[in-house]
2 protein chains.
Amino acid sequence: MYRSNTCGELRASHIGSEVIISGWVHKTRDKGFVVWVDLRDRYGITQLVFDQDRTSKTLLEQARELGRETVIQVKGEVIERASKNPNMPTGYIEVLVHALNILNKSILPPFTIEDETDGGDDIRMKYRYLDIRRNPVKNNLIFRHKVTMEVRKYLSDKGFIDVETPYLIKSTPEGARDFLVPSRMNEGQFYALPQSPQTFKQLLMVGGMDKYFQIVKCFRDEDLRADRQPEFTQIDCEMAFVEQEDVLNTFEGLTKHLLKVIKGVEIESFPRMTYDEAMRLYGNDKPDIRFGMQFGELNEVAQHKDFNVFNAAELVVGIAIPGGASYTRKEIDKLIDWVKRPQVGAKGMVYVKCNEDGTYKSSVDKFYDQEDLAKWAEATQAKPGDLICVLSGKANETRTQLSALRMELAERLGLRKPDKFAPLWVVDFPLLELDEETGNYHAMHHPFTSPKPGQLELLATNPGAVKANAYDLVLNGNEIGGGSIRIHDKETQATMFKHLGFTPEEAREQFGFLMDAFQYGAPPHGGIAFGLDRLVAILGGQETIRDFIAFPKNNSGRDVMIDAPANIDEEQLKELHLKLDL
Amino acid sequence: MYRSNTCGELRASHIGSEVIISGWVHKTRDKGFVVWVDLRDRYGITQLVFDQDRTSKTLLEQARELGRETVIQVKGEVIERASKNPNMPTGYIEVLVHALNILNKSILPPFTIEDETDGGDDIRMKYRYLDIRRNPVKNNLIFRHKVTMEVRKYLSDKGFIDVETPYLIKSTPEGARDFLVPSRMNEGQFYALPQSPQTFKQLLMVGGMDKYFQIVKCFRDEDLRADRQPEFTQIDCEMAFVEQEDVLNTFEGLTKHLLKVIKGVEIESFPRMTYDEAMRLYGNDKPDIRFGMQFGELNEVAQHKDFNVFNAAELVVGIAIPGGASYTRKEIDKLIDWVKRPQVGAKGMVYVKCNEDGTYKSSVDKFYDQEDLAKWAEATQAKPGDLICVLSGKANETRTQLSALRMELAERLGLRKPDKFAPLWVVDFPLLELDEETGNYHAMHHPFTSPKPGQLELLATNPGAVKANAYDLVLNGNEIGGGSIRIHDKETQATMFKHLGFTPEEAREQFGFLMDAFQYGAPPHGGIAFGLDRLVAILGGQETIRDFIAFPKNNSGRDVMIDAPANIDEEQLKELHLKLDL
């Protein structure tokens with residue numbers, strides 16, 4: 001037996017007990033006649049004491065030699081500490097060691113195993129197994145476990161059935177590239193790894209499973225952008241006999257439950273906002289509503305004066321920065337430079353200081369009087385002491401630019417608090433998105449999403465105007481989930497494929513199995529998928545999803561620690577040749 | 001709203017309520033003035049009644065036309081049934097329909113959606129989404145969900161952390177063939193899909209995670225034998241600071257818990273048996289101990305007489321068949337034919353009838369007297385009325401043959417009861433297995449398994465005799481789990497690799513990351529992996545694992561329903577060419 005107790009559980013009540021504990025040597029303090037060792041495991045740290053009077057000189061010498069991260073087992077008596085540490089759960093006691101067994105020595109670790117380590121990102125990733133010993137990383141992995149357990153319990157209690165769907169599937173185009181897997185059993189043919197279990201979960205609904213969920217790995221063979229993994233985990237759900245409202249209520253429940261159980265936060269307000277409204281008020285389809293700074297559209301009050309920049313613009317739109325009236329000229333110039341950076345792309349910025357005395361001072365005083373500017377303040381909900389920033393130009397571009405400014409300022413003002421949670425639903429997304437390069441439309445969500453009732457006919461005449469039964473769950477400015485009510489009849493699905501540019505033969509070849517299934521009594525159904533990696537990171541109040549993945553991949557797609565992928569060996573290469581018939 | 005209630009929940013207490021329910025038309029009975037429709041969903045069946053007097057003639061006509069598997073929504077009043085069906089949870093009531101909405105029609109299904117269907121295996125697999133609507137398949141999938149939820153809850157409550165490990169990894173040889181995945185990010189290089197997360201879970205132990213579990217898909221690119229899938233699911237577990245006894249106790253607890261919660265069975269006895277003992281008593285390393293018929297070795301009592309067949313044999317071994325003394329000569333001859341079939345391979349069989357009067361009658365009475373045969377009966381624990389069957393020859397072969405006979409007879413005698421559960425541990429497996437063709441040894445479990453204490457030295461002199469800290473969990477004659485205490489120091493691991501025929505360079509190339517990790521204070525650790533597919537099938541009392549997989553693959557490795565894998569398209573082929581540098 002390696003231990004009677006863990007390093008996290010001994011308390012005053014254990015004083016006098018003989019215990020065996022095992023763990024890693026975290027730190028050693030040598031005071032000559034006494035050596036203290038902090039022994040660490042997943043559960044905590046327990047102080048060991050070696051004392052030549054009370055134990056033996058041999059043991060003391062051995063303890064003195066213990067290097068950091070050596071794995072040891074000790075037997076000893078729990079005693080009261082002379083100087084107690086109230087900040088540690090085990091701080092009342094220490095273990096007077098009677099026997100020491102070195103289980104495995106350690107060479108010098110490349111960085112210190114401390115909450116604040118001296119190791120840089122690259123070295124910690126290379127030695128991820130050592131990084132995981134550190135509390136911040138270890139706790140993130142345990143946090144992820146807690147979130148997934150809660151998700152499973154909640155959904156299971158609500159009648160959802162966890163069904164495993166295949167990983168080796170037929171390639172179906174779903175936006176991104178599939179990873180391909182050569183098949184030995186079927187030479188010249190290839191499996192694909194799923195980008196999502198979308199079609200399988202729809203088939204489960206056709207099969208009457210009624211409520212399905214799965215926490216499942218999905219794969220995209222795409223260039224790795226910052227903090228994006230080629231394999232990622234999804235909470236995948238589908239329900240039959242539901243309208244959009246049923247899905248929203250169910251997953252609003254899940255979100256509230258998670259925030260309550262995991263974060264201790266009670267969510268009072270869970271607004272629903274149309275896509276159009278989100279774009280109009282925040283210039284963004286995943287608005288962060290932890291703070292205000294809503295857009296005020298100024299076309300009516302700012303156009304038809306002599307300021308031609310505004311007169312020529314499709315949209316004039318502003319936001320009020322709380323307390324911004326106190327900015328110096330230099331600070332404001334910097335803001336203007338910021339919006340003019342290529343990454344943002346605005347041509348310029350008009351501003352209005354809302355003075356505490358109720359007067360206004362703007363960069364366009366030549367064109368607008370106090371009465372005009374009061375209307376701007378009203379539209380942007382600016383209060384005395386605020387600064388109104390106004391951008392103008394093409395509507396979509398301008399909204400995106402102002403949204404970037406809004407987020408940047410919120411960040412600077414400390415309004416994006418990681419311990420505050422503001423979820424919302426964004427609904428009524430457009431069904432189709434115009435590819436500006438090709439002039440073709442493609443599905444904004446995916447080709448199985450149903451149009452809003454009565455809008456199917458619009459597809460032929462004004463495809464860009466068709467709204468979908470599609471919804472995103474947004475938390476603190478991040479899309480954490482997205483889904484839709486699906487098409488469930490063959491004819492509508494065929495119409496959709498046609499409008500997406502598939503020939504009937506292509507549709508048949510790629511989605512025939514689904515359309516066939518729809519002929520045998522497919523129920524109305526819909527669902528949602530959550531990006532677990534991001535959800536966990538946001539709940540954990542951190543920025544990078546990589547911090548919550550045990551073995552993430554680095555930017556080249558290699559495992560951070562195991563040097564994958566491998567060069568293929570000659571025999572395997574030969575086999576692939578044969579398969580490819582070269 | 002598609003429904004106020006499911007088809008499984010209406011009871012007498014609902015009588016008088018107005019309800020909305022949706023589901024599939026299961027069956028229609030037309031009695032002229034009245035039409036009854038059985039409406040089905042996942043939760044049950046509710047009887048609808050259409051009656052021209054109480055509802056309307058139009059509705060009655062519509063109901064009459066409803067084809068099987070049509071999806072409908074109805075609104076109506078819950079009323080008491082005239083003729084109640086006490087066998088159905090909803091058998092007390094019916095719904096008098098006021099409004100009918102046809103949600104989706106169905107063409108004629110290729111087989112009936114009934115517990116006992118008229119559809120053969122192939123057609124049911126082709127239309128798996130219809131097969132899943134049948135209770136037996138649906139209930140199997142729900143059963144699997146219950147098992148996995150219980151496993152997760154149990155392990156989580158015991159402090160195990162669910163950690164996701166990567167699916168796109170570096171290829172490491174682990175017995176079977178890896179599936180390979182070409183990488184776009186690293187041209188000419190390939191990921192592999194994991195055969196198990198073995199090395200990752202060991203790294204998690206090095207990382208101090210202490211207790212890990214995961215229910216995870218694994219992959220083997222092997223020829224598909226009967227009921228074997230290229231992708232399969234594993235309950236994967238690992239623990240640090242444990243000896244074999246700790247692991248056995250933990251997973252004995254899990255097994256008992258599952259049998260209790262899922263099957264309502266209390267397990268009293270959970271024996272541990274060495275590999276040698278299992279081979280000696282049952283001729284099998286996964287003995288079915290739901291019944292006796294243990295082997296009795298007869299060398300001492302049957303050799304050194306005048307029967308040369310036995311004298312020349314390495315092993316003479318028998319079993320007692322309960323009640324077998326009543327077999328006719330013809331029946332015994334058939335048994336002899338059975339053991340001589342090429343699949344079994346015995347040369348012949350000696351038998352002894354143990355008569356009720358205490359006398360014996362054998363096929364070798366010429367060589368053995370009553371006193372001799374009484375000793376055989378003692379060794380095989382035969383009682384009056386039993387038949388002793390004796391095989392002889394080379395020890396291993398003979399044991400395997402007698403084991404086959406034992407299982408066959410148990411099957412015939414109805415001793416392999418699907419509702420009886422008899423788990424056991426088989427321990428002390430040999431570390432290495434001799435490949436008779438090449439004369440090389442390879443790891444019986446895997447190269448990370450530790451030898452029994454003090455046996456490392458034997459590796460050089462008598463490798464076949466070295467026992468491992470390896471164990472299998474056997475349930476009803478099936479191996480449902482297997483694991484080992486691992487090597488946790490670099491030197492022992494290097495020695496193992498050497499004895500397995502790796503050069504130091506090969507070991508470094510393939511397992512360098514693990515041996516490197518062992519240098520930084522790897523704790524003693526060990527674990528186990530369960531084959532979830534088989535575990536679920538055995539708990540479910542069924543033979544084929546495919547029955548418990550939503551979308552299994554058929555014998556050619558294609559999805560039973562989606563016609564995968566796909567032919568690769570030209571652009572993708574070109575890319576693969578480039579990558580392979582052809």
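In this predicted model, Asp221(A) sits in the loop that connects strand 9 (211-219) and strand 10 (231-240) of chain A. Asp221(A) is buried, because its relative accessible area is 6% and the buried class covers values under 20%. An unreviewed UniProt entry lists Asp221(A) under "binding site", together with Arg220(A), Glu222(A), Gln229(A), Glu479(A), Gly531(A), Leu532(A), Asp533(A) and Arg534(A).

Glu479(A) is partly exposed, with a relative accessible area of 34%. Which residues does Glu479(A) contact, leaving aside its neighbours within four places in sequence? They are Lys286(A), Asp472(A), Leu473(A), Val474(A) and Arg534(A).

Ser106(A) lies between strand 5 and helix 2 (121-126) of chain A, and Ser106(A) is buried. Leaving aside its neighbours within four places in sequence, Ser106(A) is in contact with Arg68(A), Glu69(A) and Thr70(A) in chain A, and with Gln519(B), Tyr520(B) and Gly521(B) in chain B. Glu266(A) is in the loop between helix 6 (244-263) and strand 11 (272-274) of chain A. Glu266(A) counts as exposed, because its relative accessibility is 52% and the exposed class covers values over 50%. Between the C-alpha atoms of Glu266(A) and Phe307(A) there are 48 Å, and along the chain the two are 41 residues apart.

| Residue | Relative accessible area | Class |
|---|---|---|
| Asp221(A) | 6% | buried |
| Ser106(A) | 16% | buried |
| Glu479(A) | 34% | partly exposed |
| Glu266(A) | 52% | exposed |

Chain A also contains a closed barrel. Its five strands follow the order 1-2-3-5-4, and their pairing is mixed. From one strand to the next, the twist averages 55°. Strand 2 (residues 34-41) and strand 3 (residues 44-51) of chain A are antiparallel and share eight bridges. Strand 3 and strand 5 (residues 93-104) of chain A run parallel and are joined by two bridges. Strand 4 (residues 71-80) and strand 5 of chain A run antiparallel, with ten bridges. Here Glu80(A) stands opposite Ile93(A) of strand 5 of chain A.

Helix 7 (residues 275-282) of chain A has buried residues at Tyr275(A), Ala278(A), Met279(A), Leu281(A) and Tyr282(A). An α-helix has 3.6 residues a turn, so residues three or four places apart point the same way. The cover over the buried residues of helix 7 of chain A includes strand 11, helix 12 (395-412) and strand 17 (423-427) of chain A. Gly283(A), just after this helix, has a positive phi of about 65°.

Turning to chain B, an open sheet of eight strands with mixed pairing has the order 6-9-10-22-21-20-17-11. Strand 6 (161-162) and strand 11 (272-274) of chain B form the edges; each has a single partner strand, so one side of each is left without a neighbour in the sheet. Strand 9 (residues 211-219) and strand 10 (residues 231-240) of chain B run antiparallel and are joined by nine bridges. Lys217(B) is opposite Thr233(B) of strand 10 of chain B. Helix 4 (residues 135-157) of chain B lies across strand 6, strand 9 and strand 10 of chain B, at about 150° to strand 9 of chain B.

In soluble globular proteins, nonpolar side chains tend to be buried together. The largest nonpolar core here has 40 residues, of which Leu155(B), Ile235(B), Phe251(B) and Trp425(B) touch the most other members. Helix 6 (residues 244-263) of chain B contributes the most to this core, with seven residues. The core lies between domain 2 (124-197 + 215-234 + 531-582) and domain 3 (244-274 + 418-529) of chain B, because both give residues to it. Leaving aside its neighbours within four places in sequence, Phe251(B) is in contact with residues including Leu155(B), Phe160(B), Cys237(B), Met239(B) and Trp425(B). Another core, of 39 residues, lies apart from this one, and among its members are Val147(A), Met239(A), Val242(A) and Leu259(A).

Key
Residues numbered from 1 in each chain as written. Chains lettered and ligands numbered in written order. Predicted model: local features only at pLDDT ≥ 70, side-chain atom pairs only at ≥ 80, totals over all residues. Heavy atoms only, no water. UniProt positions renumbered as here; feature names shortened; annotations may be inferred. Helix = DSSP H or I, 4+ residues; strand = E, 2+ residues; numbered from the N terminus. Buried < 20%, exposed > 50% of the residue type's maximum accessible area, 1.4 Å probe, protein only. Contact = heavy atoms within 4.5 Å. Core = buried A, V, L, I, M, F, W, Y, C linked by side-chain atoms within 4.5 Å. Domains from an automatic or database assignment. Pairing = 2+ DSSP bridges. Axes fitted to C-alpha atoms, helices over the stretch in contact; angles between N-to-C directions.
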